[in-house]
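Colleague: Before I use this model, I would like to go through the terms attached to it. Please set each value against its cut-off.

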Amino acid sequence: MMSNPPTPAAWGIQLSQLWLECGQGLPISVREIALEVTKTRFPDDPVGIIKGHGVAGIDGMLSKRKSKGDWCISYDEAVTVPGRINFTLGHEFGHYLLHRKTREEGFQCCQAEMLDYESAESRKFESEANKFASYLLMPATDFRDQVEGQIVTLDLLGHCADRYGTSFTATALKWVELTDQAALLAVARDGFICWSYPSRRARLLRAYLPSGTPVPQSSLDRLNSAVDINRRNQGSRVHPGVWHPALEAEEFVIISDHFDMAIFLVQFPCAGMVEQAEEKDRDAFTFLENRAQGLNWTR
Ligand SMILES: [Zn+2]
């Protein structure tokens, strides 16, 4: 009998490995693994059913079924963006594994906004559930194999999103979290940055844009002039002073698959010349929560 892992990431890694060791392919089906694993590991209160709930605006829910004593994961089946439902199911499965004992009333989660988390505890829960889903669905070793030695483009990240059955945003965030390159993911709405997440190397270069920073004008012009901005695969070289005071950048832009927002993926190809300093790691998936601050700001 396996013991329960100590962290959300360790939970995700353990179940991810279990899935692959059983000879199952990618993408990992949260539906199958959640039903199967909880039936044997937690027979007293397993996940008994996963189904659509028909409630618009709520991506996923975890609720206890009093009559049966088990748990129900439900999701908005009207969501058509590939990968978003699987990631939502992973998120709710994370709540089940990590939080069901502390919050028996369950969860109602909205990936698109994540605004209704007033207490620090709620933000912690949301962040942990996202982290679990990220590690469950996107095994780091496999992810590195997919991108190693390649120029990262939107097509390459799209390939990864297809491979893992995850949303584009979650996949791009995972790449930024894992990469050794200097890179930045920035999400913007109405011309302002809602949140940004720099890779470890970019953070050392202080490439970070606080919520509320205006999007560079040249980038806005590019966004607005694009005929087909969905999954544009041509990066644009931009001068120092646009995304970083001293560094040239390669900029990709797409419309977010979550809501009416633009995502900028910015890489700093010349960053190797800059001297680095040690700095504490930050966690990519707390940003899926912290961006709520940015959303508030623009409202
Ligand atoms: Zn949640």
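Modeller: Start with Asp 59 and Arg 84, whose side chains meet in a salt bridge at 2.9 Å, N to O. The model is predicted, with local features needing pLDDT of at least 70 and side-chain atom pairs counting only at pLDDT 80 or more, while totals for chains, interfaces and linings use all residues. Residues are numbered from 1 along each chain as its sequence is written, and side-chain values use heavy atoms, with hydrogens and water left out.

Colleague: How do you know whether Lys 174 is buried or exposed?

Modeller: Buried means under 20% relative accessible area, exposed over 50%, and partly exposed in between (1.4 Å probe, protein chains only). Lys 174 has 0% relative accessibility, so it counts as buried.

Colleague: Which residue forms a salt bridge with Lys 174?

Modeller: Glu 177 does, the closest N and O atoms being 3.9 Å apart. Both residues lie in helix H7 (residues 168-178), 3 residues apart, about one turn of the helix.

Colleague: What makes the charge of Lys 174 count as lying over the ring of Tyr 135?

Modeller: The rule asks for NZ of Lys or CZ of Arg within 6 Å of the ring centre and within 35 degrees of the ring normal. Lys 174 lies over the face of Tyr 135 at 3.6 Å from the ring centre. Arg 100 lies over the face of Tyr 96, at 4.1 Å.

Colleague: Why is the pair of Phe 42 and Tyr 96 called edge-to-face?

Modeller: Rings of Phe, Tyr and Trp (its six-membered ring) pair if their centres lie within 6.5 Å; planes under 30 degrees apart count as stacked, over 60 as edge-to-face and the rest as tilted. For Phe 42 and Tyr 96 the centres are 6.1 Å apart and the planes at 70 degrees, so the pair is edge-to-face. Trp 71 and Tyr 96, with centres 6.4 Å apart and planes at 80 degrees, are therefore also edge-to-face.

Colleague: Which cluster do the ring pairs form?

Modeller: They link Trp 11, Phe 42, Trp 71, Phe 93, Tyr 96 and Phe 132. Trp 71 is buried at 1% relative accessibility, and Tyr 96 is buried at 0%.

Colleague: What makes a residue a donor of the zinc ion?

Modeller: Donors are N, O and S atoms within 2.8 Å of the metal (3.2 Å for Na, K and Ca); water is not among the atoms, so sites may look incomplete. Here His 91 (NE2), His 95 (NE2), Cys 109 (SG), Glu 126 (OE) and Glu 126 (OE) lie 2.0 to 2.7 Å from the zinc ion. Of these residues, His 91 counts as buried at 2% relative accessibility, and Glu 126 is buried at 1%.

Conventions. A salt bridge is a side-chain nitrogen of Lys or Arg within 4 Å of a carboxyl oxygen of Asp or Glu. Helices (H or I, at least four residues) and strands (E, at least two) are DSSP runs, numbered from the N terminus.
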